[in-house]
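Please read them with the structure open beside you.

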Amino acid sequence: MIGASKIKQYSNVLEKPLSKGKQEVSLSAFAFLFSELVQYNQTQVDNIAELERRLEDAGYAVGARCLELLCHREKCVMFMPFWLSQGNRRETRLLGILSFVHSTVWKVLFGKVADSLEKGTEHEDEYMISEKELLVNRFISIPKDMGTFNCGAFVAGIVRGVLDSAGFPAVVTAHFVPMEGQQRPRTTILIKFAEEVLRREARLG
Amino acid sequence: MAPAGPRSGDAIFASVERVNAELFTLTYGAIVRQLLTDLEEVDEVNKQLDQMGYNIGIRLVDEFLAKSNVSRCVDFKETAEVSAKVGFKMFLGVGASVTNWDAEGTCCSIVLEDNPLVDFVELPDTCQGLYYCNVLSGVIRGALEMVSMKTEVTWLRDVLRGDDVFELQVKLIKQVPEEYPYKDDE
């Protein structure tokens with residue numbers, strides 16, 4: 001056909017133009033996929049701690065890539081608060097990166113900002129991001145014999161991946177917090193920053 | 001009251017809850033990476049992805065039938081059309097087309113131009129035998145088996161291997177008649 005052009009073949013995936021990130025899939029497609037991830041990992045481990053670790057590792061990979069993607073797209077992002085939208089700025093402060101995770105990352109991955117971001121009262125290095133119902137836990141029920149296992153370990157892994165790649169090493173875990181008057185417990189992502197992060201933060205003033 | 005007619009893929013996709021495709025893409029990437037680390041053999045990974053897809057397919061078909069309101073398909077041609085137009089659209093948000101029907105009407109190709117599973121993906125040299133989207137073939141096989149059709153699904157063209165589209169060949173092997181375990185009373 002005269003005038004018709006073939007779709008350009010990119011030899012390298014990095015040469016392809018970056019999409020706007022607005023494409024969507026159905027929630028059930030994601031839920032099915034996530035359930036297969038959990039089920040597969042259940043066959044590979046002997047105990048709960050191992051299972052949580054594997055889910056976290058899977059999430060870590062997602063988080064690291066998510067940070068790269070968001071940083072590349074920063075210029076086009078409309079929903080960031082005005083004081084963050086100066087484009088191409090790397091977060092170097094603790095509160096900055098926490099705010100980034102709580103708002104930007106959550107908004108991109110889960111469609112809304114996280115419910116709350118709190119500083120731990122007992123320890124200086126602990127922060128908590130809470131969510132009434134994590135997207136990944138929507139269709140998951142934990143049998144009694146699995147105790148405190150939380151599939152939110154995947155999300156904890158995502159957060160750890162983002163923080164680690166941004167230069168804020170931390171230990172991140174997910175916990176269920178029972179709420180008064182509510183049937184389903186709230187999920188809290190507990191972030192415990194490494195020593196070096198706090199020292200650096202203190203030095204920066 | 002007459003039952004409502006079948007809904008189009010776009011209408012259903014607009015009405016279901018959706019998530020960012022990138023979360024989906026990255027999660028799938030994490031799954032494939034885990035499998036490659038655990039199983040190491042590319043063939044084993046292909047089989048495992050197919051099995052995962054099968055597990056998804058057998059449950060996915062219930063949701064598909066519930067949400068799409070399609071009436072019983074008259075023949076395999078209609079089945080393929082419906083799965084491509086409505087099924088792919090309502091779950092993955094991408095349209096697919098059906099081509100290459102054989103003479104008997106038991107074998108066709110489903111062509112996907114866009115595939116959210118493979119955004120940002122490149123196959124390294126060590127994994128050239130990997131069918132990255134093999135989960136999709138399992139999903140189709142599982143879903144069709146639950147509606148009494150035994151099929152064989154294979155990949156004909158794969159963008160990650162240098163082709164320009166994704167092409168799945170769906171071949172109907174046999175139609176298993178439904179057996180009711182109880183007396184069917186309407």
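**Notes on a strand residue, its sheet and a cavity**

1. Thr151(B) lies in strand β4 of chain B, where strands (E, at least two residues) and helices (H or I, at least four residues) are DSSP runs numbered from the N terminus. This is a predicted model, in which local features need pLDDT of at least 70 and side-chain atom pairs count only at pLDDT 80 or more, while totals for chains, interfaces and linings use all residues. Residues are numbered from 1 along each chain as its sequence is written, chains are lettered from A and ligands numbered from 1 in the order in which they are written, and side-chain values use heavy atoms, with hydrogens and water left out.

2. With a relative accessible area of 9%, Thr151(B) is buried (under 20% relative accessible area, with a 1.4 Å probe and protein chains only). Leaving aside neighbours within four places in sequence, the residues in contact with Thr151(B) include Phe76(B), Arg141(B), Leu144(B) and Val170(B), contact meaning heavy atoms within 4.5 Å.

3. The open sheet of chain B has four strands in the order β2-β3-β5-β4, with antiparallel pairing; two strands pair if DSSP finds at least two bridges between them. Its edge strands are β2 (96-99) and β4 (149-157), each of which pairs on one side only. Neighbouring strands of this sheet are turned by 25° against each other on average, direction ignored, with axes taken as lines fitted to C-alpha atoms, for helices over the stretch in contact, and angles running from 0 to 180 degrees between N-to-C directions.

4. Helix α4 (residues 76-92) of chain B packs on the sheet, where it touches β2, β3, β4 and β5 (166-175), and its direction makes about 160° with that of β2(B). Helix α5 (residues 134-146) of chain B lies across β3, β4 and β5, running at about 160° to β4(B).

5. The structure holds one cavity of 30 Å³ or more, a cavity being a set of points on a 1 Å grid over the protein atoms alone where a 1.4 Å probe fits but cannot get out, and lining residues having an atom within 4 Å of a point. The largest cavity has about 40 Å³ of space, a volume being the space filled by probe spheres set on points joined across faces, edges and corners. Its lining includes Phe76(B), Leu144(B) and Val170(B), and α4(B) supplies the largest share, four residues.

Notes
On a 1 Å grid over the protein atoms alone, a cavity is a set of points where a 1.4 Å probe fits but cannot get out, and a pocket is an open set with protein on both sides within 12 Å along at least five of seven lines; lining residues have an atom within 4 Å of a point. Buried means under 20% relative accessible area, exposed over 50%, partly exposed in between (1.4 Å probe, protein chains only).
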